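Work through the exercises below with the coordinates open.

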Amino acid sequence: MVSSVCNVFGDPTPGPRHFPGFESSTFPWRETIDDFEEVPSVASYGMSMQLCREGIVAGPSSGEGLCGLIQYLEKMRTSGRLSELADPETGEISCVFICCDLPYQYLDGYFDRLPESQFPPILNQILLGCDQDKYSESWILSTRQAARMLSCSHQRKQRLRECKRRSNQSRMADVRQRTLGTRFLDLRQREDFETEHIPQSMSSPLQSLTPAIRDLFGDPDTLHMIWTGLQTKFIKGEKELSPKKLPIVILCYDGDTSQMATSILRAKGYTAFSVCGGFCALKRFTPTRKLGDGDE
């Protein structure tokens, strides 16, 4: 016995046709089938997901085929004719359905058609709306790389001071643009910055950031809090970040928050970097100062 399965008209499952589509086909399909079943897309997607959870990775049209087979068997059972399909010697009914697709390209369809009760609960939903920008290891500087950038920035500023003595004011804007180097933005609390900081760095404390945060990416609530704070800071503080084409190195206590800040700034078009290990690691490779010790 061959059962043909198709979509319900107006409720498509990707792949199979609806009945009018069969009618327009020149293939002699009527002579090849014994039964005709229509299956709604909700049932097709639901059966596909059940197959996947049982270890048979199959898409919605495969689910539709199995649903149609079960409908046919139920119809035969209700009419008292199920025994007609059984093997006369064993009494068993052997059935075959075709798995002809995969679920991956139709993932949105499962969520669109099936109720929430069909899915496990989503944990930490707070993360769905934050920290979605790209990360890259190439944006994380080693402490030696950051120290070299700091040294180069200092040398450029020295040349700028020399140019000030020799240049008139009309040329200073162009000179500054060409000689300014990497900027260092320190997100630590103001009192920590005043106690110790990298020379020439600028304090821009993030209110929610404290040394007590030990596992930023392992604590959803803390991650959301820090991300929200960074978004607010960078929206309000565009002037202190400009110009975008100049490199800016973000410092925090341990490097995690600065990685997130770098991700956000990169998405906004800034040439931002973080430092592996943050300020605590970088200070071992470069002299630090207290506030007022010759900072400019």
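The exercises cover strands, helix packing, single residues and aromatic pairs.

The model is predicted, so local features need pLDDT of at least 70 and side-chain atom pairs count only at pLDDT 80 or more, while totals for chains, interfaces and linings use all residues. Residues are numbered from 1 along each chain as its sequence is written, and side-chain values use heavy atoms, with hydrogens and water left out.

**Exercise 1. Strand S1**

Determine how many residues of S1 are buried and which strand pairs with S1.

Step 1. Helices (H or I, at least four residues) and strands (E, at least two) are DSSP runs, numbered from the N terminus. S1 covers residues 3-7.

Step 2. Buried means under 20% relative accessible area, exposed over 50%, and partly exposed in between, with a 1.4 Å probe and protein chains only. In S1, 4 of the 5 residues are buried, and the strand is mostly covered.

Step 3. Two strands pair if DSSP finds at least two bridges between them. S1 is joined by 5 bridges to S2 (residues 35-39), and the two run parallel. Within this pairing, Ser 3 stands opposite Asp 35 in S2.

**Exercise 2. The open sheet**

Give the strand order of the open sheet of 5 strands, and find which strands stand at the edges.

Step 1. The order is S3-S7-S6-S4-S5, with parallel pairing.

Step 2. S3 (140-141) and S5 (202-203) are the edge strands; each has a single partner strand, so one side of each is left without a neighbour in the sheet.

Step 3. S3 pairs with S7 (residues 272-275) in the parallel sense over 2 bridges. Leu 141 stands opposite Val 275 in S7.

Step 4. Helix H10 (residues 256-267) lies across S3, S6 (248-251) and S7, and runs at about 170° to S7. Axes here are lines fitted to C-alpha atoms, for helices over the stretch in contact, and angles run from 0 to 180 degrees between N-to-C directions.

**Exercise 3. Helices H2 and H3**

Describe how H2 and H3 cross and which residues meet.

Step 1. The axes of H2 (residues 41-53) and H3 (residues 60-78) come within 7 Å and cross at roughly 100°.

Step 2. Angles under 35 degrees count as roughly parallel, over 145 as roughly antiparallel, 65 to 115 as roughly perpendicular and the rest as oblique. H2 and H3 are therefore roughly perpendicular to each other.

Step 3. Contact means heavy atoms within 4.5 Å. From H2, Ala 43, Ser 44, Tyr 45, Met 47, Ser 48 and Leu 51 meet Pro 60, Gly 63, Glu 64, Leu 66, Cys 67 and Ile 70 in H3.

Step 4. By class, this contact of H2 with H3 has 8 nonpolar, 3 polar and 1 charged residues. Ala, Val, Leu, Ile, Met, Phe, Trp, Tyr, Cys and Pro count as nonpolar, Asp, Glu, Lys and Arg as charged, and the others, Gly among them, as polar.

Step 5. Ser 44 in H2 counts as buried at 0% relative accessibility. Not counting residues up to four places away in sequence, Ser 44 touches Thr 13, Val 39, Pro 60, Gly 63, Glu 64 and Cys 67.

**Exercise 4. Positive phi**

Locate Asp 131 and Gln 200, and state the phi of Asp 131 and of Gln 200.

Step 1. Asp 131 lies in the loop between H4 (107-113) and S3. Its phi is near 50°, a positive value in a residue other than glycine, and at 19% relative accessibility Asp 131 counts as buried.

Step 2. Gln 200 is placed in the loop between H7 (190-195) and S5. Phi of Gln 200 is positive, about 75°, although the residue is not a glycine. With a relative accessible area of 25%, Gln 200 is partly exposed.

**Exercise 5. Aromatic pairs**

State how many aromatic pairs a search of the whole structure finds, and describe the pair of Tyr 45 and Tyr 110.

Step 1. Rings of Phe, Tyr and Trp (its six-membered ring) pair if their centres lie within 6.5 Å; planes under 30 degrees apart count as stacked, over 60 as edge-to-face and the rest as tilted. The search finds 3 pairs.

Step 2. Tyr 45 and Tyr 110 are edge-to-face, at 4.8 Å centre to centre and 85° between the planes. Tyr 45 lies in H2 and Tyr 110 in H4, so the pair ties together parts that are 65 residues apart in sequence. Both Tyr 45 and Tyr 110 are buried.
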